[in-house]
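Student: I'd like to learn how to read a few local features in a model. Could you walk me through some?

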Amino acid sequence: MALRRLVGAVFCLGSALLLGGCGGHTFVTPAADKAPSCVIRNVRVFDAPHATLLDGPRDVVVRDGRIAAVASPGVAASGLREIDGHGGTLLPGFVDAHTHTGGTASPPWVTDLPAQEENLGAFLYAGVTTVLDAAALTPAIFQLRDKVRGGSVLSPQLYAAGPMFTAPNGHPVGLMRGNLPWWIGWYILPRIAREVATPEQARQAVADLLPEHPDVIKVAVDDLVPGEPRISNEALAAIVSRAHEGHVRVAAHIGQSRDAIDAVDSGVDVLMHDVYNEEVSDAAVAKVAAAHVPVVATVGIWDAVEELGDLHVEKRSAITREIAKASVLSSLASFPDDEMRQRLSSMRKPVHDGHAARRTNVAKLRAAGVTILVGSDAVNAGQFPGAGFHDELAKLVESGMPAAEVLKAATHDNARFLGGAQANFGDIAEGQRADLILVDGDPTADIAAAQRIQHLWLGGIELIRHPRPQ
């Protein structure tokens, strides 16, 4: 339980730092010709809806930012730039269904101001071409989303929830009030959360947000710190009802089996997090499965919490080292003093003890027919933008999901959750947005191959990748 205090403190610090700057390293730049048309030859194509590779090599024709054809080798493509895929695997761009794009991956004892545009570039560098920002300062996040959609900011496609709905002094408000200095708290609190006590307040708060056109509405059902106020089932149901009247879906932040049951009973559309420090109850699994509610598992973020102060940098993936600041990795690898080590070690114990349960929970949900979606919860302490998504892919494979199924979840399933049945991304098919990744190897056999990105396209325009100098 004490670990929840640590997670809350990390969330507090990250939220406070959301006011940080926008500079930093440039991870991607458009190719010189900026042409949204090309033909990609000699590639294995991942058939995302069916979680398999198409038989034999293919050529993929891209015209004006859309996939025009998936054809047999040698298809005519007069006038188009040709890229030889050398037998690599062509994937749809990845979709991260749980991010906080204005956060920082530094530990709570280090102040490293975030750079939101740098974070967005890092997601692209890792092949993540669509993200859902699941809680951010409002209306700034909606303004950024609209700039991205208007083409003035180079970024993954951006979906946004805006503020988190919660009980008065519930997560994350209570922690923030206790930890943020007054000179920043007064600004952040009304922009990061909507506190509602009654169904009437809940309905009005949703109605007030709808003119911003949130892509989803997020509500905290978990009491992250034991004993803090938890939203009432009546207010939760009112949020869901009013959101659905406005044709907006609701995501529930959960932590315990009880939360999952209450959230599903209220009619939410997706669960953010699985039960993370103990085995999920059979009753909760049955409830989620019967309602056909998908779960964004976020196994990796809790593993990152486990590693705070004890990170083995050499064991982190190559793509993490290409994205992360060396100084931040170093700070994650050691505590500043013995007092901090002792305090945080005891706080992390419940999450450490839940390490195996988190993987078991994914397997239990999947065995019951629950759709598992992929979200990194980056950017948070120890979870880097883009790199954290690849960590999550690996954690889901560890949890028993076949690599091809994980890739389907990370592309087709996530896209259909965010964009609906008619989503124009997340698949390599005629008419789809040409958000594409060409990787070396076969990620359906080895998920690590998804990190070996050779070429990257956003809306048909090739992006040149620039690792962070170390």
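Tutor: Let's start with contact, which means heavy atoms within 4.5 Å. Leaving aside neighbours within four places in sequence, valine 153 is in contact with Leu144, Lys147 and Val148. This is a predicted model, where local features need pLDDT of at least 70, side-chain atom pairs count only at pLDDT 80 or more, and totals for chains, interfaces and linings use all residues. Residues are numbered from 1 along each chain as its sequence is written, and side-chain values use heavy atoms, with hydrogens and water left out.

Student: Where does valine 153 lie, and is valine 153 buried or exposed?

Tutor: Buried means under 20% relative accessible area, exposed over 50%, partly exposed in between (1.4 Å probe, protein chains only). Valine 153 counts as buried because its relative accessible area is 14%. Valine 153 sits in the loop between α3 (140-150) and β10 (157-160); helices (H or I, at least four residues) and strands (E, at least two) are DSSP runs, numbered from the N terminus.

Student: What order do the strands of the open sheet have?

Tutor: Two strands pair if DSSP finds at least two bridges between them. The open sheet has three strands in the order β8-β9-β10, with parallel pairing. Its edge strands, β8 (94-99) and β10, each pair on one side only. Strand β9 (residues 128-133) and β10 share four bridges, and aspartate 133 has alanine 160 in β10 as its bridge partner.

Student: Which residues of α13 are buried?

Tutor: Met340, Leu344, Met347, Arg348, Pro350 and Val351 are the buried ones in α13. An α-helix has 3.6 residues a turn, so residues three or four places apart point the same way.
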